[in-house]
Amino acid sequence: MDLQKHAQQPDTAPRTAELRASDADRDRIADILREALAEGRLTADEHAERVEGVLAAKTVGDLDVFVRDLPISHQRRPGHASAPHRPAAGAIPMDADDNVVAVFSAAARKGRWRTGRRIHAYAVFGSVEIDLSEALFDHQQVMIKAYAVFGSVEIRVPANVSLRGTGGGVLGSFEVDPLDATDDEAPVVFVDGWAVLGSIEARPRRGKLVADIIDRVQRKVDKSLRRHLGH
């Protein structure tokens, strides 16, 4: 009799769609929407409306509604390492390793140069260019803290690193195109800051790859080949 009663009791375990959404869940959906906007699948108004809904969503099921009509390839990328949205605690110091300042002028860091863990960029009635496409990365996590006041900060990264952005604009624009590297050991570049009557932009530079990542992959291939040949 007890077994019969137990069998008749409904399953009270919550389904996945009914679980409370976390900040990581909201960030994942927001990334999908940003990609859809960049590819022209959503208009600017549609993107803004959906992002507003994502921020207000309470459950995982509520979040899924906003990406239901987007290709499944945008919701899941097999084989791709998903980079964190924020730096690991204690991984990046508070003091800058490098300051790039442009006040009524222009300043740049580009070419073959060695990055630190934290770079501060200040553009006040000026322009700052930070190009990491040929840079040497000594650390896996790099933070760029940018401030643009009546100025602009332009950031370019190689196509085989991960890129994340958390910032905003006050009568200005803050735009970061998120990017996930296929290599778990690839650097992650975090861009943070504020644009006040100015602009901050961070995008991957297609075709540009971090050389030391390429060398590391080649070494892995050579090692596997030697093992296969018995050397």
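Gly151 sits in the loop between E7 and E8. Helices (H or I, at least four residues) and strands (E, at least two) are DSSP runs, numbered from the N terminus. This is a predicted model: local features need pLDDT of at least 70, side-chain atom pairs count only at pLDDT 80 or more, and totals for chains, interfaces and linings use all residues. Residues are numbered from 1 along each chain as its sequence is written, and side-chain values use heavy atoms, with hydrogens and water left out.

- Gly151 is buried, because its relative accessible area is 12%. Buried means under 20% relative accessible area, exposed over 50%, and partly exposed in between (1.4 Å probe, protein chains only).
- Not counting residues up to four places away in sequence, Gly151 touches Ala123, Phe125, Gly126, Leu197, Gly198 and Ser199. Contact means heavy atoms within 4.5 Å.
- Gly151 and Val128 are 23 residues apart along the chain, and their C-alpha atoms are separated by 8.2 Å.
- Phe150 lies in the loop between E7 and E8 too. Phe150 counts as partly exposed, because its relative accessibility is 43%.
- Phe150 is not a glycine, yet it has a positive phi of about 55°.

**Another positive phi**

- Phe104 has a positive phi of about 55° and is not a glycine.
- The loop between E1 and strand E2 (106–109) holds Phe104.
- Phe104 has 64% relative accessibility, so it counts as exposed.

**The whole chain**

- The chain has 6 helices and 12 strands.
- Of its 231 residues, 38% count as buried.
- The chain exposes about 13,800 Å², and carbon and sulfur atoms supply 53% of that. Accessible areas come from the Shrake-Rupley method with a 1.4 Å probe; for residues, only the protein chains shown count as cover.
- Take the contacts between residues at least 6 apart in sequence: 69% of them join residues at least 24 apart.

**The nonpolar cores**

- The largest nonpolar core has 29 residues. A nonpolar core is a set of buried Ala, Val, Leu, Ile, Met, Phe, Trp, Tyr and Cys residues joined through side-chain atoms within 4.5 Å.
- Ile130, Leu132, Val153, Val189 and Val191 touch the most other members of this core.
- Strands that each supply at least two residues of this core include E1 (98–103), E8 (152–158) and E11 (188–196).
- E7 gives the largest share of this core, 4 residues.
- Apart from this core lies another, of 12 residues, among them Leu33, Leu42, Val54 and Ala57.
- Leaving aside neighbours within four places in sequence, the contacts of Val189 include Leu132, Phe137, Val142 and Ile144.

**Two packed helices**

- Helix H2 (residues 23–38) and helix H3 (residues 44–56) pack at an angle of about 180°, with axes 10 Å apart. Axes are lines fitted to C-alpha atoms, for helices over the stretch in contact, and angles run from 0 to 180 degrees between N-to-C directions.
- That angle makes H2 roughly antiparallel to H3 (angles over 145 degrees count as roughly antiparallel).
- On H2, the contact is made by Arg26, Ile29, Leu33, Arg34 and Leu37. On H3, it is made by Ala44, His47, Arg50, Val51, Val54 and Leu55.

**Arg114**

- Strand E3 (residues 114–115) contains Arg114.
- Arg114 counts as exposed, because its relative accessibility is 52%.
- Leaving aside its neighbours within four places in sequence, Arg114 is in contact with Leu136 and Asp138.

Notes:
Angles under 35 degrees count as roughly parallel, over 145 as roughly antiparallel, 65 to 115 as roughly perpendicular and the rest as oblique.
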